[in-house]
Amino acid sequence: MHPRWNPSGTGLSGIRGLPLQALSRGQKSEKNCFYQYLAVSLLISALFAAISGAAPFGHGNGIGSYIVATIAGSGIQGNIDGSREKAQFNWPTGIAVDDKGYIYVADFLNNLVRKINNNGEVITFIGSGHAAFADGNGRDAHLKGPDNIAVDKDGNIYVADADNFRIRKVTPDGIITTIAGSGIRGYKDGEGKIAMFAYPTGVDVDKDGNVYVADRGSHTIRKIERDKNVVTIAGNGYPAYADGNGVKTHFREPISLTVDHDGNIYVADSGNNAIRKITPDGIVSTLAGGKPGYKDGKGRDAKFLWPTGVAIDGLGNIYVCDSQNNKIRRVTPEGVVSTVAGVSVPGFADGAGYNAQFRFPTGIGMDKAGNIYVADSGNNRIRKISQGGILQAKR
């Protein structure tokens with residue numbers, strides 16, 4: 001174990017956007033505590049928004065040009081495959097779209113990776129549903145708290161298997177293997193299965209096949225090179241907030257990340273309420289945020305309240321699940337933050353962006369056409385945000 005490892009939280013499990021000790025999976029009493037915690041968290045979010053004057057924006061701010069629709073999930077917590085209206089999820093947290101338009105969902109509390117085909121039907125792609133660990137084929141494999149997922153150019157899926165402290169790879173035909181992580185919680189770089197993660201929740205892959213991990217538990221950003229060697233590229237195990245160079249910088253519970261075509265990494269630094277940028281040579285800066293609240297604006301003048309999921313479009317715009325504000329935000333390459341969809345009060349409503357409601361959204365992905373897909377965790381639904389007239393920022 002790395003001598004500088006300073007874990008945040010005492011439990012071995014966590015829910016994206018909530019304290020790591022909030023839920024010990026498989027124990028009914030602690031699950032009940034989690035749902036009580038979630039209810040309190042959402043109430044606090046609504047009260048904070050009301051106090052800070054975070055009211056829905058009007059048409060003049062442009063978010064009416066986005067339309068929100070539900071594409072999967074009945075809203076009932078459970079585990080049922082089938083049509084859009086009948087399918088059930090249990091706290092979905094990660095989402096990714098492949099080149100064929102298939103949507104993959106990390107269904108955290110069901111210990112599954114689900115697939116939504118082009119007909120809108122939900123099927124179980126990977127996992128038995130048991131909270132365990134086993135590589136293998138399709139439903140014979142075991143996951144434990146899959147938190148986020150990514151898809152590479154060849155259709156391989158990468159899973160941040162958080163409660164197994166491993167990073168898994170799934171081929172297009174459903175064969176799952178482990179590429180990094182010993183399965184023991186810790187913080188240690190090195191060869192794939194010897195390396196340790198403290199609580200890996202975010203994952204993405206670049207055009208060259210390098211895999212990047214937001215290791216929430218060790219407050220670091222890790223890289224799995226093509227030879228499966230694991231190195232730390234930013235952060236050093238101490239939860240704090242500091243820009244700078246590589247391991248001299250600090251993060252606080254980074255939950256997810258995304259990589260652009262130039263190799264820049266964008267991190268939802270959740271505990272610091274900031275969106276951070278890491279250049280290919282390891283320079284860390286704050287793109288937007290850094291203080292809790294809700295405010296659109298530029299750079300550090302903007303505010304987030306526990307940002308979790310992040311995704312990037314082809315023009316370099318970052319889309320953010322601003323979880324405790326129950327909103328989807330947009331950050332341009334210059335750091336200008338605006339609101340895409342959602343009102344401050346948690347709930348469920350489709351429609352125009354300024355009227356739509358989310359309940360603690362945590363996962364976000366994009367397709368080739370620029371449509372945004374959201375794992376609306378508290379509503380146990382998958383939502384789609386279509387753009388209707390907003391011009392994306394030019395790089």
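## Close-up views of a predicted model

**View 1. An open sheet built from 5 strands.** Here 5 strands sit in the order S21-S25-S24-S23-S22, and their pairing is antiparallel. Keep in mind that this is a predicted model: local features need pLDDT of at least 70, and side-chain atom pairs count only at pLDDT 80 or more, while totals for chains, interfaces and linings use all residues. Residues are numbered from 1 along each chain as its sequence is written, and side-chain values use heavy atoms, with hydrogens and water left out. The edge strands, which pair on one side only, are S21 (297–298) and S22 (307–312). A strand here is a DSSP run of E with at least two residues, numbered from the N terminus, and two strands pair if DSSP finds at least two bridges between them. Strands of a sheet pair through backbone hydrogen bonds, either parallel or antiparallel. S21 is joined to S25 (residues 336–341) by 2 bridges, and the two run antiparallel. Look for Lys-298, which stands opposite Val-336 in S25.

**View 2. Thr-308 in strand S22.** Thr-308 has its place in strand S22. Is Thr-308 buried or exposed? Thr-308 counts as buried because its relative accessibility is 0%; the cut-offs are under 20% relative accessible area for buried, over 50% for exposed and partly exposed in between, using a 1.4 Å probe and protein chains only. A polar atom of the Thr-308 side chain lies 3.4 Å from the backbone oxygen of Thr-362.

**View 3. Strand S29 and its partners S1 and S28.** On one side of the story, 6 bridges join S1 (residues 66–72) to S29 (residues 381–387), running antiparallel. Ala-72 stands opposite Ile-382 in S29. S28 (residues 372–376) is also antiparallel to S29, with 5 bridges joining them. There, Val-374 has Arg-383 of S29 as its bridge partner. S28 and S29 form a hairpin with 4 residues between the strands, and in this hairpin Asn-380 takes a positive phi near 50°.

View 4. Side chains of opposite charge can pair when their charged atoms come close. A salt bridge means a side-chain nitrogen of Lys or Arg within 4 Å of a carboxyl oxygen of Asp or Glu, and by this rule the count is 17. One of them links Asp-81 with Arg-139, whose closest N and O atoms are 3.2 Å apart. This pair ties together distant parts of the chain, 58 residues apart: Asp-81 is in the loop between S1 and S2 (92–97), and Arg-139 is in the loop between S6 (136–137) and S7 (146–151). Asp-81 is partly exposed, with a relative accessible area of 29%.

**View 5. Two buried salt bridges.** Asp-215 pairs with Arg-222 in a salt bridge, the closest N and O atoms being 2.9 Å apart, and both residues are buried. Asp-269 forms another with Arg-276, at 2.6 Å between the closest N and O atoms. Asp-269 and Arg-276 are buried too. Elsewhere, salt bridges that share partners join Asp-81, Asp-107, Arg-114 and Arg-139 into one network.

**View 6. The second largest pocket.** This pocket has a volume of about 220 Å³. Of its 15 lining residues, the closest to the centre are Asp-206, Tyr-212, Lys-223, Gly-263 and Pro-280. A pocket is an open set of points on a 1 Å grid over the protein atoms alone where a 1.4 Å probe fits, with protein on both sides within 12 Å along at least five of seven lines; lining residues have an atom within 4 Å of a point. The lining divides into 5 nonpolar, 5 polar and 5 charged residues.

Note on methods:
Points joined across faces, edges and corners; volume = space filled by probe spheres on them. Nonpolar A, V, L, I, M, F, W, Y, C, P; charged D, E, K, R; others polar. Polar contact = N/O pair within 3.5 Å; in protein donor to acceptor, adjacent residues only side chain to side chain.
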